[in-house]
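Good morning, colleagues. My topic today is contacts, both within a chain and between chains. Please look at the sequence and the structure as they come up.

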Amino acid sequence: MAISFVVNGEARSVDADADTPLLWVLRENLGLTGTKFGCGISACGACTVHVNGAPVRACVVPIATLQGASITTIEGLAPQDAPHPVQIAWIAQQVPQCGYCQSGMIMAVSALLAHNPNPSDEEIAAQITNLCRCGTYERVRRAIRSLAPGAGGSHG
Amino acid sequence: MGKWTRRALLSVGGVVGGGLVLGISEIAFAPNRLGILPPPSGDGAMLTVWLRITPEDAVTVLVPHCEMGQGVHTALAMMAAEELDAEWSQVHVQEAPAEPAFANAHVLRAFLPLEIPPLLGRGFDYATFKVAQWVGLQVTGGSSSVRGTGHHGMQVAGAAARAMLIQAAAVRWQVPAEQCIARRSRVLHEPSGHAASFGELADEASRLAPPVHPAFKSPSQYRIRGTSVQRVDIPAKVNGTARYGLDVVLPGMLYATVRAAPVFGGKLAAVETAAVEAMPGVKSVVKLEEAVAVVADGYWRALKASRALQPQFTDGGHGEVDSAAIFAAQAEALSGQSFGKAGKEGAGAASLEHAARQVEAEYRVPYLAHATMEPMNATAHIVDGRCEVWAGTQDPLSARKVAAKAAGIAPDKVTFHNQPLGGGFGRRLPGTFDYIEQAVKIAKAIAPTPVKLIWSREEDLQHDYYRAAFVARFQAGLDAEGRPQTWVSHFNGASEALAARPPYQFKDLELRTTDVHAHVREGSWRSVAFSQQGFFIESFMDELAHAAQQDPVGYRLAALGHAPRHRAVLEKAAQLAGWGTPLPAGQGRGVALVEAFGTIVAEVARVEITADRQIKVHQVTAVVDSGEVVNPDTAAAQIEGGIVFGLTAALYGQITIDKGRVQQSNFHDYPLLKLADSPRVTVEFIRSGAPLGGMGEPGVPPIAPAVANAIFAVTGRRLRELPLQANLLSGKS
Ligand code: FES
Ligand code: FES
């Protein structure tokens, strides 16, 4: 079926089976390979993107449900020469190891902070459920805290 | 690239763009350095390191190791740049292509001497080289990159290039070379005020003979090493531009996925393909020996079609095996009278009967999957008798050989493009390249169309090369004061001896091995045998301390004897963790000390057992002595990551076998630690100046015993089997 939606601010149309998960449309039809595949069952978060501003796991969202939606991927989070504060914090805290989970991690964190700029430790733990096999969690927490209002920016 | 010579270092002039290009030949370098080896014969020498300085002042270091998040590209470049005295912002890193010229025999040098007596060590270089040449190693594993390639290759290349640049400047200015110094990519002659950049001198330097014994800086002169420079690979990993194997795109490429025989050793017997071949987008169903692949115009269509197949597989006679039978077979072997000996000191096990007190225990650990976040995948293209492959591996050279064999062509007809790895942990080491073999065979079947093979997570978890399930028995003899005198262990897996020797002193010791393996595929898993033996040894040592009614830290310190590095690490960890200070009800501390890959790590875990018997690890304090720390922040990240990796295994990790096949299939039944369960981690380094140890793996082994020991401190229950959470709830011990 043909679907029209907005991806990273651009109107796009794709033709794909109605049940094709958004993840594969992004990666294969639109060439946006920054969004990763980890499990295919909504269990790891590697495929996290924003749909209408909310974090979703693209591996389980059928493309048929997205007519007219607005989607943001890691490639569209910020211009490359003006990174998003979360990306800046991620570099400052040297968060990524292999980096494979980090597109999803950054999309999940940026969605959380957009609604709750100063989350408590409990809120972070409850909201950021992405898996990272390299074990970067301590730095993810540190980077999120460095972004809290009054924390002195991302240089901590 | 110039003619090979038998020199240790090669300077290659006349390259496109000019400048200085310097290479180090391992075979020639080793004899010059050690002065004992015969010169190499023929043109087969291997270069491990290339360094290039362009007229524009750019310094490029070619690194023969893959980047899997351990920061190795950065650390190795730091070692070269330090000796070169380069301006760090002008240093670039590139991964060496998968060609034999880049094989890294230094890895073996760093890894193997651990196992050989020092006297043999000198003669060992040559054997090491032979082995490496023969295997064609370009491997990243064993925490060896910085220790091997860095120490023997990068450092020498940097120092030699600096000497040549200084010499070139001295000739140009007609001044003595000893009066010239290199600083931040410039050579200066302070008495005359002359100065020139490396780039300005590079062409002249390239015409000089490289020094065979370049002088190294003393550590007190280090300006780059020992600082936390930012990793060069990180920016691309925060904006989606890093290209992993999964992200490779070729024009006209198709997508494939496989279903392999669920029972290891099984073969494809029959599969009806007509209905699936008629599904939308499906291009082909390819029958392989052990699997069936579906090729389609997209992964989703390939996956749906592969699920619609009803392939029949044989089971190789293993269709009734389960985990209980596998453990039982090992336990039975341990009870038998025939075993190998991996080590004996003093009177060995015979002295047990004289002990004032004996302690015995049996431990076991299950199979574990690597579960790299990036599932196995490879892209292959066969056309005109040549094959190109794109995949992330820890050893592109041997992956290239696998691809050549699968394609039925010579290795030099294969170009292997190694990609950044979405996790390695041992899953992408030699001997485990089934996904590459499959991709090439599929590409051959549909040639000349390129194909990307992607395994589903289910396929990935059920066709791993697993960390071995393992039963071990321990006996100790204590004297009247409770001091350990005799240590006897009997474990499965003959190659595990190195990890089985505790760091403590015993009058008598015996290590016994049996070698019983099921049909389940086994492989290296981050920290290899140290992950199992670390848990066993440090848990049993805790048992001995409690049997002697002594404090676990004090007991270990007393048993260490003269081992100043180990003592310092343990004492510091205890002190930083507040060992012995009061804790809230329901909480306890556990400690463990393991040396692996030349690095000594002590970890103290503070653990709570909640009212519903959930294990909550609040804090881990790690103290690490790796001799030197090349990049403290990256090193700390490796220890932090190792603790999380080890904690997943300690708390939840288990692959179980039923009807010959793996029961777990995805992260719902093979859970990984999440941020919510991830402890606060403090990492502290001791810079003892000992030879540089590894960093990628040594953080893993101590965490399971530290947590198990803490659980004992809280509950009085000794958990002798992993994973701890399930065993705590089941009441087994
Ligand atoms: S790939 Fe979507 S949650 Fe794992
Ligand atoms: S950085 Fe490797 S999985 Fe998260």
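I begin with a term: a polar contact is a pair of N or O atoms within 3.5 Å, where, within protein, one must be able to donate a hydrogen and the other to accept it, and where residues adjacent in sequence count only if both atoms are side-chain atoms. The model before you is predicted. Under that rule, seven residue pairs, both at pLDDT 80 or more, are in polar contact between domain 1 of chain A and domain 2 of chain A. Strands β3 (48-51) and β4 (54-57) of chain A each supply at least two residues of the side of domain 1 that touches domain 2. The largest share of that side, three residues, comes from β3(A). By class, the side has seven nonpolar, seven polar and two charged residues.

As for bounds, domain 1 of chain A covers 2-76 and domain 2 covers 85-146. Their C-alpha centres lie 21 Å apart. The two domains bury about 1100 Å² between them, with 59% of it on carbon and sulfur atoms. How many salt bridges are there between the two domains? The count is zero.

I turn now to the interface of chain B and chain A. Here the buried area is about 4700 Å², of which carbon and sulfur atoms give 55%. B:Val238, B:Met373 and B:Leu675 supply 17% of the area that chain B buries against chain A, more than any other three residues. Nine salt bridges are found across this interface; in one salt bridge, the side chains of A:Arg139 and B:Asp633 meet at 3.2 Å, N to O.

Conventions. Residues numbered from 1 in each chain as written. Chains lettered and ligands numbered in written order. Predicted model: local features only at pLDDT ≥ 70, side-chain atom pairs only at ≥ 80, totals over all residues. Heavy atoms only, no water. Domains from an automatic or database assignment. Buried area = accessible area lost by both parts, 1.4 Å probe. Salt bridge = Lys/Arg side-chain N within 4 Å of Asp/Glu carboxyl O. Helix = DSSP H or I, 4+ residues; strand = E, 2+ residues; numbered from the N terminus. Nonpolar A, V, L, I, M, F, W, Y, C, P; charged D, E, K, R; others polar.
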